Amino acid sequence: MRRRPLVTIGGVAIATLIVSLPLGAQHDVQPSKFTRAPMVQSPPSGEVEVLPIRGNVFAIFGAGGNIVVSVGSDGALIVDAGRAEMADKVLAAVRQVQREWAVRNEPRPSGFGAETRSSVADRHITAPPKPIRYVINTSADPDHAGGNEKLRNAGHTFTGGNVAGNIADATEGAAILAHENVLSRMARETEGKAAVPADALPTDAYFVDFYKLSHYFNGEGIQLFHTPKAHTDGDSIVHFRGTDVIALGDLMSTGSYPVIDVAKGGTINGVLDGLNRVLDMSIAEFRLEGGTLMVPGHGRLVDSADVAYYRDMLTIIRDRVEDLVKKGRTLEQVKAANPSGDYDTEYGSTTGPWTTANFIEAVYKTLSSVRLKPDTTGGKVPTAPARRK
Ligand SMILES: [Zn+2]
């Protein structure tokens, strides 16, 4: 199942739509190791690709982090905004998906009595795309939230009429939903960089376990769940309850180990808790295949078998590192023990922004901090005291 190419997943009829983009835009694909077979064909650099998932929910690949979009009579809801420089392409893709949805689903006048040239023509005119109502950020990362400002303000354009698009009013444009740690991180100035513009900030932040839209949107309930201390301390997963699609954010990436951003509160045990929660929420169609479909932050569409495999892989590596931590090994000793060796051809990398060494270090650090500060973990506390070096 997990090696199935993108185009056959879930038996979904694939009508991929390629939106051509200018060359030169950044692309996220890591250089493959020689030994790794390609598991999914990514869109060419600088292009975004749309994949119908189920019903009115689609995925957009190639704009940075993967994007999930719901289109329909209520407008568009977009989970993650991609990179800032890809926002125009994302907008074009969303509008295209909305148009196609409208052609297939919106009722048209049926034509009675005498046909005239104009009455026939009217039946073939599609309504302009409905506005983007919501943007949801699964984290504050620039490849997931970079397009916030443009997508939010595109709400002006759709709803605008005579309203000028440059009025930065919180009542205009799309709402941006995120966990409050995303809001505070984006609002704060970090590492000497300027805080993001006001229009890019979440307009609605939640700080409890979950958040839900108060009404059905495009015919289904949509819920955000906080997965604490996973990729960062502000991650959300988003469940489309009717179509049964879950946007996972950077809790999972099919081509690499999960990015655990320790400086921003990420931990290996938080990632595992999040994946276990996703597995609790998902229901397979038959023998672990199909059923709930999930879009990871990077990589291809997955089902619960894929998530279970990924969870098992991470659990095994976590346990190996934890064992070494309990034995008092240093980080260098743990790296030398190669605790992820049997998975590195599939998920590892020696180059790029997130290498195997980065991953092992993050696992080691967060397990070591469990050992040193058991009161802050909310998780397991090793019983055997570690030997001092
Ligand atoms: Zn990401």
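Tutor: A residue counts as buried when its relative accessible area is under 20%. The structure above is a predicted model, and the term can be applied to it directly.

Student: Why is Arg 318 called buried?

Tutor: Its relative accessibility is 10%; the limit is under 20%, so Arg 318 counts as buried. The residue is found in helix α7, residues 304-326.

Student: What makes the link between the side chains of Arg 318 and Asp 319 a polar contact?

Tutor: The two side chains lie 2.7 Å apart, and the cut-off for a pair of N or O atoms is 3.5 Å. Residues adjacent in sequence count only if both atoms are side-chain atoms, and this contact is between side chains.

Student: Why is the arrangement around the zinc ion called irregular?

Tutor: The protein donors are His 144 (NE2), two OD atoms of Asp 250, and His 298 (NE2), at 2.1 to 2.7 Å from the zinc ion. Four donors count as tetrahedral if all angles lie between 85 and 135 degrees. Here the 4 donor atoms subtend angles of 51 to 127 degrees, which makes the arrangement irregular. Water is not among the atoms, so sites may look incomplete.

Student: What makes His 144 and Asp 250 a pair that ties together parts of the chain?

Tutor: His 144 lies in helix α3 (residues 142-145) and Asp 250 in strand β12 (residues 245-253), so the pair joins parts that are 106 residues apart in sequence. His 144 is buried, with a relative accessible area of 0%, and Asp 250 is buried at 10%.

Student: Why is the pair of Tyr 134 and Phe 217 called edge-to-face?

Tutor: The ring centres are 5.5 Å apart, against a limit of 6.5 Å for pairing. The planes stand at 75 degrees; over 60 counts as edge-to-face, so the pair is edge-to-face.

Student: How do you know whether Tyr 134 and Phe 217 are buried or partly exposed?

Tutor: Phe 217 has a relative accessibility of 6% and therefore counts as buried. Tyr 134, at 25%, counts as partly exposed, since that class lies between the 20% and 50% limits.

Student: What makes Tyr 310 and Tyr 347 an aromatic pair?

Tutor: Their rings are 5.6 Å apart, centre to centre, and the planes form an angle of 75 degrees, which is edge-to-face. Tyr 310 is buried at 1% relative accessible area, and Tyr 347 is buried at 5%.

Notes:
Residues numbered from 1 in each chain as written. Predicted model: local features only at pLDDT ≥ 70, side-chain atom pairs only at ≥ 80, totals over all residues. Heavy atoms only, no water. Donors = N, O, S within 2.8 Å, 3.2 Å for Na, K, Ca; no water. Tetrahedral: all angles 85-135°; square planar, octahedral: opposite > 155°, others 65-115°. Helix = DSSP H or I, 4+ residues; strand = E, 2+ residues; numbered from the N terminus. Buried < 20%, exposed > 50% of the residue type's maximum accessible area, 1.4 Å probe, protein only. Polar contact = N/O pair within 3.5 Å; in protein donor to acceptor, adjacent residues only side chain to side chain. Phe/Tyr/Trp six-rings, centres within 6.5 Å; stacked < 30°, edge-to-face > 60°.
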